[in-house]
Each structure stands twice: as C-alpha cells, then as structure tokens.
Amino acid sequence: MKRLFLCLMAMVSVLSLTAQNAFEGEVMNTIMARRSVRKYLDKPVEHEKLEAIALAGINAPSARNWQYWAVRIIEDYKLIADVSEVYKQANPEAVSREPGFKNMFRGAPNLICVCAPKDGGFDLDAGLMGENMMLAAQSLGLGTCIQTGPVRFLLQSEGAKPFLQRLDIPDGYKLLYVIAVGYPDEKPDAKPRDASKVKFIGGEISKEASDDDGLFIDYFEKAQFPGGDEACMKWLQEHIKYPEGYTSNQPQGKVVVSFIVEKDGSLDGIKVMKSPDPLLSEEAIRVVREMPKWKPAHQYFPPPRQGSEAVRSRFFLPVIFKQP
Ligand SMILES: Cc1cc2nc3c(=O)[nH]c(=O)nc-3n(C[C@H](O)[C@H](O)[C@H](O)COP(=O)(O)O)c2cc1C
C-alpha cells in the first residue's frame with residue numbers, strides 16, 4: 001500500500017474538527033457564534049447592512065406566507081436617545097446598575113422593532129423572523145440582543161408615546177420585541193444549554209441509548225482526541241494509507257466521518273457522512289476504527305445542579321485526502 005499524505009489545507013483551522021463546520025457549515029458556525037451582546041461601539045450600522053438584515057427577516061417562513069408582521073428599523077440616534085432619557089428618569093436604580101449606560105437598549109446604536117398582530121396569533125412567525133435577522137447580523141460581523149424588557153416600559157410609559165408614534169405601527173398590531181444591533185464591544189461566553197431537553201425517538205442512536213443516557217448534541221467541552229486537535233491530525237497523517245492501486249487521477253478531497261464518542265472514550269457508530277469516493281470512505285472508516293480512546297464530551301449543568309459529567313456525543317471528523 002502506498003503511503004498516503006493527509007494534508008490539512010492551510011485555511012482549515014483546528015476548529016474544522018468540530019461538528020459545527022464539518023459540512024462546511026457556515027450557518028452552523030454563525031448559530032454557534034451568536035451570543036446576546038450588551039455592549040456596543042459608538043458606531044452606527046451601515047444602512048446596506050440593515051437592509052440585508054431586513055431581507056433575511058422577511059424571508060423567514062410564515063403561516064401560509066401571510067407575513068403578519070411589521071418591522072421598523074431605527075437609524076435615528078436621537079429617537080433612541082430621547083426615549084432612553086425618559087427611561088432613565090423613570091428607572092434611576094436600574095440605570096445605576098448598568099455601568100456606562102448609553103441607552104435603554106443595551107447601548108446599541110440601532111434598533112429593530114418587530115410588531116405582530118395584537119391577538120398574539122402570529123407571535124411565532126414574528127419570532128422566526130427575529131432569529132433570521134440576528135443570524136444575518138452575526139454573519140455581517142454585528143452583534144445583537146433580542147429584548148422584551150424595554151418593550152414593557154415602552155408600552156406602559158406616557159413619556160414613551162412619541163417613540164411609539166414614530167414607529168407608525170399598523171392598526172391591530174403591537175410592538176412585540178426589539179433587537180439591539182451594532183458593532184460589539186464585548187465577546188460574551190456561551191451560556192449553558194441543557195441538551196437533556198432533547199430526546200431522539202426511534203432510530204439507531206436511541207436504540208443504543210437508555211432513557212437517561214441520551215445523545216447530547218450540545219455541551220461545553222467537546223469530545224477530544226487524546227492530546228487535542230493537532231495530535232489528532234498528526235495521528236491521522238501517520239496512520240492513514242491510500243487504498244491499493246489508487247492513482248492521482250482518482251478523486252481527492254474530504255471524507256466526513258461521523259461517530260459517537262462513548263462516555264468511556266471508545267468510538268461507536270462510525271459512518272461516512274460525505275465522501276468523494278467509496279475507496280476513500282473505506283480507508284477513513286478503517287483508520288477511525290483504529291484510533292485510541294478519546295476524551296469524552298462533558299456536559300456542564302447550570303444551577304441548581306452544578307458540575308459536569310461525561311456524556312455520549314456525536315463527532316464529525318473531516319479527513320482530507322490529498323496526493324503528494
Ligand atoms: C423573548 C426573549 C426576551 C429577552 N429579553 C431580554 C431583555 O429584555 N434584555 C436582555 O438583556 N436580554 C434579553 N433576552 C436575551 C436572553 O437573555 C439571552 O438570549 C439568553 O440569556 C441566552 O443567551 P445568548 O443569547 O447569549 O445565547 C431575551 C431573549 C428572548 C428570547
């Protein structure tokens with residue numbers, strides 16, 4: 001068998017060994033990178049970017065495509081400043097708890113106000129468009145924070161009426177939530193997610209797992225090859241081989257192998273998710289089967305339950321084949 005050169009292309013970072021972008025998943029990366037931002041630079045968002053965000057919003061699904069929503073994007077800094085002054089007067093304590101208070105929308109320079117019919121029947125549609133917009137903003141290098149807290153104030157306060165009037169909300173609609181948007185001045189850590197809320201019904205994985213031993217699809221410490229991503233690449237370089245008779249004319253490229261890292265670090269359910277060639281698939285599976293035990297993923301528990309424990313996790317490992 002001819003020795004195979006397994007190369008990592010220069011732009012493929014160690015992160016490429018994670019599930020997030022195993023499928024060149026830019027969307028997945030964007031979802032995982034989005035965090036609520038509560039500190040912004042004093043730099044307005046370019047109008048074109050706001051237009052792109054709005055476009056992403058209105059392309060969200062809606063029941064029967066009725067699009068029962070109304071979006072108001074505020075580029076008028078003074079409008080935000082004026083209503084924030086009203087808020088400040090009414091809530092001096094809350095403001096004093098926010099060091100460097102800039103405005104009542106977490107200090108963002110721009111604001112997206114999402115309105116929905118008053119009867120509440122289409123809040124779900126309005127919510128879906130919000131996530132579209134936040135992800136679009138994230139992909140444009142912006143930060144966001146969806147907020148309902150300020151909406152309660154806006155709807156109750158006499159002093160906030162001029163603000164609401166400027167929004168020109170259609171009859172029969174209410175302001176449902178706002179999204180602060182701007183250039184982030186902080187990089188918040190991911191908050192814990194309780195992946196045990198997800199259960200798979202039927203299918204290969206759930207047959208293997210008992211009820212309280214579900215497959216965790218989100219965790220804070222991912223499963224790891226012993227020694228980390230670089231050690232994993234090195235190990236692959238040393239162990240992978242081109243199949244017999246394989247010529248440079250045949251397809252090269254990336255085989256994405258998926259497997260479960262069990263709690264004890266052993267690998268199970270190894271399968272190929274994406275491959276340019278069956279021979280490369282076979283080799284990728286063979287080499288993963290030979291891998292030493294991994295460090296399992298760890299799930300962290302939010303209070304009141306705290307601490308962490310090893311959990312089963314699915315891992316997506318891209319293996320790049322390239323002829324010397
Ligand atoms: C319906 C809703 C209302 C929210 N209201 C506020 C708010 O008033 N103020 C705020 O700072 N964050 C608000 N958030 C943001 C959440 O606190 C945040 O999404 C959550 O803590 C998870 O953090 P992450 O977005 O960084 O993943 C709201 C989120 C949702 C979905």
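Reply: I146 stands opposite I179, a residue of β4. The model is a predicted one. The two strands β3 and β4 pair in the antiparallel sense, and five bridges join them.

Helix α5 packs on the sheet and touches β2, β3 and β4. The direction of α5 makes about 10 degrees with that of β4. A further helix, α6, covers residues 149–156 and also packs on the sheet, where α6 touches β3 and β4. Between the directions of α6 and β4 the angle is about 135 degrees.

The sheet as a whole is open and has four strands, in the order β1-β2-β4-β3, with antiparallel pairing. At its edges stand β1 (70–74) and β3 (143–147); each has a single partner strand, so one side of each is left without a neighbour in the sheet. In general, strands of a sheet pair through backbone hydrogen bonds, in either a parallel or an antiparallel way.

The shell around the ligand draws its largest share, three residues, from β3. Among the residues that surround the ligand are C145, I146 and Q147, along with T148, G149, R35, R38 and K191. By type, the shell divides into four charged, four polar and three nonpolar residues.

Next comes the largest nonpolar core. This core has 36 residues, and the members that touch the most other members are L111, I112, C113, V114, M133, A180 and V181. At least two residues of the core come from each of α2 (47–58), α3 (77–90), β2 (110–117), α5 (123–139) and β4 (173–182). Leaving aside residues up to four places away in sequence, C113 touches R72, I74, L167, L175 and V178. Another core lies apart from the largest one; this core has 23 residues, including A223, F225, V257 and F315.

Last, the setting of the sheet in the chain. The protein chain has 10 helices and nine strands. Its 324 residues include 29% that count as buried. Among the contacts in the chain with a separation of 6 or more, 77% are between residues 24 or more positions apart.

Key. Residues numbered from 1 in each chain as written. Predicted model: local features only at pLDDT ≥ 70, side-chain atom pairs only at ≥ 80, totals over all residues. Core = buried A, V, L, I, M, F, W, Y, C linked by C-beta atoms within 7 Å. Buried ≥ 20, exposed ≤ 12 C-beta atoms within 10 Å, placed from the backbone. Contact = placed C-beta atoms within 7 Å. Pairing = 2+ DSSP bridges. Axes fitted to C-alpha atoms, helices over the stretch in contact; angles between N-to-C directions. Near = placed C-beta within 6 Å. Nonpolar A, V, L, I, M, F, W, Y, C, P; charged D, E, K, R; others polar.
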